[in-house]
Amino acid sequence: MKLHSNVPEGPLAEKWTEYKSKMNLVAPNNKRRISVIVVGTGLAGASAASTLAELGYNVKCYTFHDSPRRAHSIAAQGGINAAKNYQNDGDSVYRLFYDTIKGGDYRSREANVHRLAEVSTDIIDQCVAQGVPFAREYGGLLANRSFGGVQVSRTFYARGQTGQQLLIGAYQALERQISLGKVEMYNRHEMLDLVLVDGKARGIITRNLINGEIERHSAHCVVLATGGYGNVFYLSTNAMGSNVTAAWKAVKKGALMANPCFTQIHPTCIPVSGNYQSKLTLMSESLRNDGRVWVPKKLEDVKAIREGKKTGNDIPEVDRDYYLERRYPAFGNLVPRDVASRAAKTACDEGYGVNKTGLAVYLDFSSAIIRYGKTEAHSLGLHNPSEAKIKELGTKVVEAKYGNLFEMYEKITGENPYKLPMKIYPAVHYTMGGVWVDYNLQTNVPGLFSLGESNFSDHGANRLGASALMQGLADGYFVIPYTIGQFLSGEIRNDVPSTDLPAFAEAEKNVRDRINKFLSMKGGQSVESFHRRLGKIMWEYCGMSRNAEGLKKGRQMIRELRDEFYRDVFVPGTNEEYNPELEKANRVADFLELGEVMILDALDREESCGGHFREEYQTEEGEALRRDDVFTYVAAWEWDDEEPKVHKEELVYENVELKTRSYK
Amino acid sequence: MKLKLKIWKQKNQTAEGKFHDYNVEADEHMSFLEMLDVLNEGLLENQQEPVAFDHDCREGICGTCSLVINGRPHGPMQGTTACQLHMRHFKDGDTITIEPWRANAFPIVKDLVTDRSAFDRIIQSGGFVSVNTGQAMDGNAIPIEKDVAGEAFEAATCIGCGACVAACPNGSAMLFTSAKINHLDLLPQGKVESSKRVVKMVEKMDEEGFGNCSNVGACHVECPKEIKLENIARMNRKYFAAKLSAK
Ligand SMILES: Cc1cc2nc3c(=O)[nH]c(=O)nc-3n(C[C@H](O)[C@H](O)[C@H](O)COP(=O)(O)OP(=O)(O)OC[C@H]3O[C@@H](n4cnc5c(N)ncnc54)[C@H](O)[C@@H]3O)c2cc1C
Ligand code: SF4
Ligand code: FES
């Protein structure tokens, strides 16, 4: 299969403007006759659904949540990037574009990323107009902060709740269109299959999660904005319900899964505390501005700490290994996420982990407290302040900056991070991989589009902080409303297909069959227990570092686990009721297939880049070794029960030079 | 720690519900919802029906979790959602009662799960700024005083959980509705539609079957985001002013 990226001709900076001015349009009277299905109400889905409705399309929108406002986007903390250059610090569309390409370790499509940087500025304007209460300076203008991997200050934020505020903005726009009758909203409806009619995406099958009704819905096209698949690892920072089912059903109907092995592991999360652990909590990247990462130098200290005989505070300065500062003197604690995560793993693999499980390192604010304390004392004109006074003043400064995060840490761990160093460990956070799309955000299935974290388009092998929110809203507010016309302009003579067509009946039957299979199995193990085991396999063999032998073993184990699942899973109750176990069974079944494709992708990519680290491909100092001559491509996977197949889209770099990232 | 749980079980909206007793062995580091996971895991092992409860982010931000624990929405800790509550705040041998939100406007779906779509309908009635995508001027065109933006933000941190309604003896949604109204009303972008919005949203709230406010203040006490009571007073002033000027 040849993959066409459909990137328009012309110079990089003019492509999008040129393309928009020549694109096919759908006249207002025709828009009223056309209907669009949007699955998902996160930033990408809510922004797309509301904007398409504003334009005049009839939108049907679906979420498995009980309200559109609860999508996982709500949990984003840190901020959203935009090339506004309000700080006058040298930012520009080109710089945002370049940082994103470089941060992604040169594995994303130039034209898509440039467009993202271009529309980033409109997003901020739109959100302000909706009433998003961004942080402001004393002069009343918008405030910015910095995030990892860049040298400018371009991140807009609303304290530690940026995702919440942006989503509420998009949700309100969506609710407005619902009230105007332009969006028909289906809450607690889960898409369980995609329906193709004559090769085009024309509908979906859903299950009403309250009463189990299986429903058919048709439209002129289908837009998926269903989020990422990090929960394939069981433990991740994603919300409990985040899943791959919608995207996976599309793959089963012919769409392709691109770069599925590109997973972002975030370095600063609260470590696992026990077997019952259900999810992991992120501690924002911003903490690495002031926190220093370390482990003890001596194994006897490690032992004493694990036995509870010592704490981090008892280890003298000379016996601490600030390993990021030691290994990466130029960037220190602010190396990118992938580098910081791997270094923590190395320290723990060597036996220096500082909690009972051996899987934690310290993130220590004591130096920052002293440093800030001294500055404060100085500005207050205190001469010879006592150490206690310095600490007291410094603690106040740290509290003002990170108070809500410290509070969250204390709630979860029961330890006071102002007094004892935080314990952190990397955790699965985001998936760069996703459904393959072209420049129009259309998949290889005509009429099927994918937006937000569910597509693969913009972040290459590693995403920079604060860029997922930007991409979700760019796709929904400013890209899809234009590019969808390229497809829909060819559909104005077609009616919405009837749901009585055989394709709908067949898809519905498949959904029912699978549900019946789960319910009648009456096996001996819960869905959760299978999910947990799958997560362990993925983390062990396809996690922070991978090698051919382990990947092959992992693949075998997943296949066996899948067989066992279909023999021995226990799902209680019936279809015709609110049945969370049944919902989970549907999702885990798809994760069990996706996991295998992720492993195959990791095997295929015999190089290390971004979040993908193959142990066989590293420099003598243990850094990632990219192999541009062979692997500058997008790997797009076609599902097959026996042997999934890879299709390749070559990545052509016309504007940036491929370089090795160095943080030393 | 060994715990006794008294949990409300109800098959669906119309069925009768009643309390069931369960025993569970928990660990002080677990979150409250992880304790329920452990309970459910045990029930499933014995091929019994698990307890249905709503949850998603488990970080206190999505507003999905909704348990009345020992008579208090979201449990005993101030400013904390049920998902962020940890078992170290309970003692070995404790008996814990767990119920769903109870309010006319929030029918029970199953066990501890309720239908809170009435909140969405309140937002539909006017909880937005009528601006289409692409119409916006530059984000810095209108400066907004830092403190005012901060106040709007405080109101906007409401997670739409409904604990305020569950806490109120009248089942009033005043705290939720006023938080939304004030978030938008405090900002110049939202001011334009101010009078229309407050009238529509207040009327919608009544229509959905939420009760009146009799100044009990329980909503604020149980609100996991500590949304201020002043929001209600401010909304009421706005509402009467809008009604007066409409006459
Ligand atoms: C803790 C945390 C913090 C983060 N912080 C930041 C940050 O500071 N900055 C940043 O840029 N990014 C951040 N991210 C990443 C960012 O939040 C996500 O990538 C982004 O919000 C995804 O948005 P989305 O619209 O693509 O999907 P989501 O918000 O996940 O929405 C998915 C939607 O699809 C629906 N859905 C899914 N499957 C189905 C189905 N089968 N049927 C019906 N509906 C379905 C869901 O109900 C939901 O409405 C963070 C992520 C996490 C986990
Ligand atoms: S006001 Fe508080 S209690 Fe009420 S919905 Fe909002 S966050 Fe929940
Ligand atoms: S589960 Fe999201 S707030 Fe509790």
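Analyst: Domain bounds here come from an automatic or database domain assignment, and on that basis chain B is divided into domain 1 (2-109) and domain 2 (117-246). This is a predicted model, in which local features need pLDDT of at least 70 and side-chain atom pairs count only at pLDDT 80 or more, while totals for chains, interfaces and linings use all residues. Residues are numbered from 1 along each chain as its sequence is written, chains are lettered from A and ligands numbered from 1 in the order written, and side-chain values use heavy atoms, leaving out hydrogens and water.

The C-alpha centres of the two domains of chain B lie 29 Å apart, and 18 residues of domain 1 are in contact with 19 residues of domain 2 (heavy atoms within 4.5 Å). Between them the domains bury about 1,400 Å², with 58% of that on carbon and sulfur atoms; buried area is the accessible area (1.4 Å probe) that two parts lose on being put together, summed over both. On the domain 1 side, B:Pro73, B:Ala105 and B:Phe106 lose the most area to domain 2, together 32% of what that side buries.

Turning to ligand 1, a polar side-chain atom of A:Ser73 lies 2.5 Å from one of its oxygen atoms, and a polar backbone atom of A:Thr41 is 2.9 Å from an oxygen atom of ligand 1. A polar backbone atom of A:Gly79 is 2.9 Å from a nitrogen atom of ligand 1. The protein covers 98% of the 1,000 Å² of accessible area that ligand 1 has on its own (Shrake-Rupley method, 1.4 Å probe).

Methods:
A polar contact is a pair of N or O atoms within 3.5 Å; within protein, one must be able to donate a hydrogen and the other to accept it, and residues adjacent in sequence count only if both atoms are side-chain atoms.
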